[in-house]
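Please open the model in your viewer and keep the sequence beside it.

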Amino acid sequence: MFKQSGVLVISLLLSLPVQAAQFKTQLELSGFRELTSYQQMMDYLGPLADSSPKLKMETIGTSVEGRSIPALFFSIDEEFASQRETKPVVLIFCQHHGDEPSGKEAALIVARRLLSEDSALLENLDLILVPQINPDGSESGQRRNANDMDLNRNHVILTEPEAIAVHQLFLDWMPEVSLDVHEYNAVTDNWIKAGYLKDAEEMLGGVTNLNIDPAIIDFTRNTLIPETGAGIEADGFRFHRYIVGSPFKGDVVRFSTTAINDGRQSTGIYNTLSFIFEGKRYGNLTGEIEKRTHGQVSAILNFLQTTDRHAGTILETVRQARRNIDKQELSFIQMDYFADENRPVLNFPVFELANWTHTRKDLVNFKPVVKVKKSVRKPAAYSFDAGQTKLLELLQRHRLPLFRLVSGQQAEAETYHIKHVTDAMDEQKHTYIIDLEKTSAMETLQAGTIIVPVKGPASNLIPLLLEPESTWGIVSTRAAGKDRFADFLTEGRPYPVKRLVSIEQLDTEPLE
């Protein structure tokens, strides 16, 4: 009788729903000695999603080696994002780079906490959480994906299935806020030779590309970053705004990049409040992994808490910026960082190797100010021959509204003629100086010509992709390798993408 009762009790216990707080990742179960593998992550997420109606899990894509990429949708409402008038949608994605595992480990813990002790955050927010963009790289402990591509340099050219999956997810929901979670390697030779290491445990950066609405840049810099940082420091982690580079000869210190080929600026260019976290990494995959993971948990939760406090302001700031996006007449196609005479050095947390202490140091060669180097007036549209299938497919991956002429028609077109191309550098990255001539004339465009109107949510993005002198365009994105459009810059030939002054009289049809 006793045995039967015991079996009955055990059966009843097993039939009860598992509470979210009871779930543990493999990293936690191993005492922070063993990273959570892809399969262990999936085995954790499936039951976690089943444990609560607040969480739904979907597959948003498949990696090069065939691994599904899950996205977690958190909401207290019956239908996700059904309260967009009052609740911003936040997108957080982690582990672009396979050798930066703490973001993924933290995301799995945050997912559990959002269904338990931190569930109040869902009162004012709907959240999409992608714990791992690059499962193939993670499984092999490598930065890049299985095609040897850096996914965080693929957001212009969009050749990789993992980067495409993130963009499709973003474009499906157009979240008001996005966050890309990374780690940076603090153990580097040039800093060690100088006797110290970078010592910020969490760095948070916002959008810096000046095509993005100034209200978004200001709100990011003056409110959201410092408030999030204060919360992180209150949790006991050293914080700083995200910087890259070094103070040593031949290098500079600056606030990350203005490039739109990374996860942060590629979503920010749609006038999104977009951010990047960089947690401190100690030179290998698992060194100090417990501290790294807790730091990332603190970072993500404090970011969500700050977003929660400012939900109303976020909604209005982003909505107004997106309403104004077609009013911006100029496209800033080249910019760089410059020194500020009022702020010649940056006080930054460092670890002194000589006396083994945490301290702060004034970093020289500091260039904090972004300035425009070149701008162009936005055309009504761009056009190109339908035979440019590679370009057509790229723009379709960006889900731009595309049209084609139903018959041969005349239009006033501006054509660039490439005269000379010289290698150059902006932000310590490769680009080009292009000597060109622009002519304008009435031209007959052939039936089937592809038309790309410069209007709508992507109107800041389109010129940056298609202008030949754009630092971040399809012709200059060096990370794309063979997939970039270097042949468009052939000296002595016209650039194959034309600028159209007006398209109001053109007879077009949408391109399916």
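This is a predicted model: local features need pLDDT of at least 70, side-chain atom pairs count only at pLDDT 80 or more; totals for chains, interfaces and linings use all residues.

Residues are numbered from 1 along each chain as its sequence is written, and side-chain values use heavy atoms, with hydrogens and water left out.

**Stop 1: the largest cavity**

Rolling a probe the size of a water molecule over the atoms shows where empty space is left. A cavity is a set of points, on a 1 Å grid over the protein atoms alone, where a 1.4 Å probe fits but cannot get out; its lining residues have an atom within 4 Å of a point. The structure holds five cavities of 30 Å³ or more, where a volume is the space filled by probe spheres set on the points, and grid points are joined across faces, edges and corners.

Select Ser-102, Glu-183, Glu-201, Glu-202, Phe-237, Gly-279, Lys-280, Tyr-282, Lys-291, Arg-292, Gly-295 and Gln-296, which line the largest cavity. Its volume is about 80 Å³. Which element gives the largest share of this lining? Helix 10 does, with four residues. Helices (H or I, at least four residues) and strands (E, at least two) are DSSP runs, numbered from the N terminus. The lining comprises two nonpolar, four polar and six charged residues. Here Ala, Val, Leu, Ile, Met, Phe, Trp, Tyr, Cys and Pro count as nonpolar, Asp, Glu, Lys and Arg as charged, and the others, Gly among them, as polar.

**Stop 2: the second largest cavity**

Next, select strand 1 (55-62) and strand 2 (68-74), each of which supplies at least two residues of the lining of the second largest cavity. This cavity holds about 50 Å³ of space. Among its lining residues is Asp-77, which lies in the loop between strand 2 and strand 3 (89-94). The side chain of Asp-77 makes a polar contact with that of Lys-87 (2.9 Å). A polar contact is a pair of N or O atoms within 3.5 Å; within protein, one must be able to donate a hydrogen and the other to accept it, and residues adjacent in sequence count only if both atoms are side-chain atoms.

**Stop 3: aromatic rings**

Rings of Phe, Tyr and Trp (its six-membered ring) pair if their centres lie within 6.5 Å; planes under 30 degrees apart count as stacked, over 60 as edge-to-face and the rest as tilted. The whole structure has 15 aromatic pairs. Select Trp-191 and Tyr-196: their ring centres are 5.5 Å apart and their planes stand at 85°, so the pair is edge-to-face. Phe-488 and Tyr-495 also form an edge-to-face pair, at 5.9 Å centre to centre and 85° between the planes.

**Stop 4: Pro-496**

Select Pro-496, in the loop between helix 13 (461-466) and strand 21 (498-500). Leaving aside residues up to four places away in sequence, Pro-496 touches Ser-383, Phe-384, Gln-388 and Phe-488; contact means heavy atoms within 4.5 Å.

**Stop 5**

Finally, select Glu-288, which has a positive phi of about 55° although it is not a glycine. Asn-365, likewise a residue other than glycine, has a positive phi near 55°.

Notes: On a 1 Å grid over the protein atoms alone, a cavity is a set of points where a 1.4 Å probe fits but cannot get out, and a pocket is an open set with protein on both sides within 12 Å along at least five of seven lines; lining residues have an atom within 4 Å of a point.
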